[in-house]
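The structure goes in first, then my notes.

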Amino acid sequence: MQQLIYFFRKFKYFLFFLLLEFIALALTFNNLDFHKSKFVNSANTVTGGFYNKASSISEYWNLKSENSILADENTRLKNLLEKNILLNPKKDVIVIDTIVIDTSRYQQKYSYTTAKVIKNNYAKEFNFLTIDKGQKLGMEKEMAVINSRGIIGIIDNVSENYARVQSILNRNSKINARLKNSNYFGTLGWNGKNYNIVQLSDIPRQAPLKIGDTIETGGKSTIFPEGILIGTISEINKGNSADNKVNVTLFNDMSNLGFIYAIKSFNKEEINILEAQNE
Amino acid sequence: MVVLFLFLLFLQVFVLNNILFFGYINPYLYITFVFLYPLKSNRIPFLFSSFLLGLLIDFFSDSGGVHAFSILLIAYLRLFFVRIYFRKGETDYSFFSLNSESFGKIFNYVVTLTVIHHFIYFSLANFSLENLSNVFLNTLFSSIFTLTLYFLGTYIFSKNE
């Protein structure tokens, strides 16, 4: 007993050091696990509050670019609307009142909410964003986050007033994506190097790939709606690597994010339950 | 010390974390805390406050416990390097101050601790054996950046006194 006390006395700094290092390591491991990361993150009230203040000051500098992004989005949506009318001439809507929509059979799949990015990381290997809405305003874990130019990430942690988003620029991110022109799909991930370029892997071999082809989200995931833009193919890996990887240049400038849309999927639970039954 | 603690925390989180020179080079000046905290024979408060500073920075930058781990490591190793470079024993602790030492010794001391910290930080943040060249490059450039800022800072502040 005497010797034990002596031992603790002698090595108390070292033991204390080891204990704290162990805690730090545990937190590090925890943070990288999508299902467990709860403890250390910027979506808590204190850090979220500080970031919110800081971003409310700095957002004035981005108003101009934010405006032009909005205008671009409006143009794109207007064009889409125009095309839609051409495709369905019967439903050419001029007087809205005359159309009868049977709402009882229509089921809304997704709902969109806007939020503002108050903290953005893109230079590390595992990047996270913080947005200024949380549980109170309907944010949930595993909601998709996009903006008008393309995908951004998935919410991995919510607090009362803030939420943390696991960016696509995170080596743990895996998102289902497909080629726009041929519907062949693969998995989108990031190798941690360049924040403009992500990697699409596991594409079927027979898929025709060309530089400049558009990549969008596929409908295979329960999180992202189908057809959200991601980027264009910028480099095709020649030769016979096992995972048939291509580099994709993002449409989004991940270093400059302002307002985003968080997407809630109404069918997610139903699909998940169904899939769990089949296994 | 509390003022220094808060100052370094907010400086790191709101100013330095946003520098991103060439897209990825950041100075990590918060480790100055380890250099400036006075030597005492009871090291528990020092170790704990270093850990806390790292942990708070982790909270802000969503990095798990990476900062906490690396700053605690150099906080623990500090005494060892004080013994090597300045040849101080336990009786000298209360009189020890970085300002009274020669620049060469301070330089060696600060550079060693900074490089250790940065290397551990980037290795852990990378969290795999891929991109090892990135780890080394980041360590090199960020160390240079941090050290430049540190020595500029100490130069400016010592002139004022």
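Before the pocket, a term: I take a pocket to be an open set of grid points where a 1.4 Å probe fits, with protein on both sides within 12 Å along at least five of seven lines. The model I am reading is predicted.

I looked up the largest pocket and found a volume of about 1200 Å³. Its lining has 50 residues, and Asn120(A), Asn121(A), Tyr122(A), Asn18(B) and Leu20(B) lie nearest its centre. I then listed the elements that give two or more residues to this lining: α3 (45–58), α4 (63–87) and β1 (110–120) of chain A, with α1, α3, α5 and α6 of chain B. β1(A) gives the most, five residues.

Core. Which residues touch the most other members of the largest nonpolar core? I noted Tyr30(B), Phe35(B), Leu53(B), Leu98(B), Tyr109(B) and Val110(B), in a core of 61 residues. α4(B) supplies the largest share of this core, 13 residues. Domain 1 (2–27) and domain 2 (45–84 + 108–171 + 258–266) of chain A both give residues to the core, so it lies between them. I also found a second, separate core of 43 residues, which includes Ile131(A), Ile203(A), Phe224(A) and Val248(A).

Contacts. Leaving out residues up to four places away in sequence, I found Phe35(B) touching Arg78(B), Leu98(B), Tyr109(B), Val110(B), Leu113(B), Thr114(B) and Tyr150(B).

Helix. I checked helix α5 (residues 103–126) of chain B: at 1.5 Å a residue its 24 residues should span 34 Å, and its end C-alpha atoms are 34 Å apart, which agrees. Phe127(B) follows α5(B) and has a positive phi, near 65°.

How values were computed. Residues numbered from 1 in each chain as written. Chains lettered and ligands numbered in written order. Predicted model: local features only at pLDDT ≥ 70, side-chain atom pairs only at ≥ 80, totals over all residues. Heavy atoms only, no water. Helix = DSSP H or I, 4+ residues; strand = E, 2+ residues; numbered from the N terminus. Expected span 1.5 Å × (residues − 1). Core = buried A, V, L, I, M, F, W, Y, C linked by side-chain atoms within 4.5 Å. Buried < 20%, exposed > 50% of the residue type's maximum accessible area, 1.4 Å probe, protein only. Domains from an automatic or database assignment. Contact = heavy atoms within 4.5 Å. 1 Å grid on protein atoms, 1.4 Å probe; cavity = no way out; pocket = protein on both sides within 12 Å on 5 of 7 lines; lining within 4 Å. Points joined across faces, edges and corners; volume = space filled by probe spheres on them.
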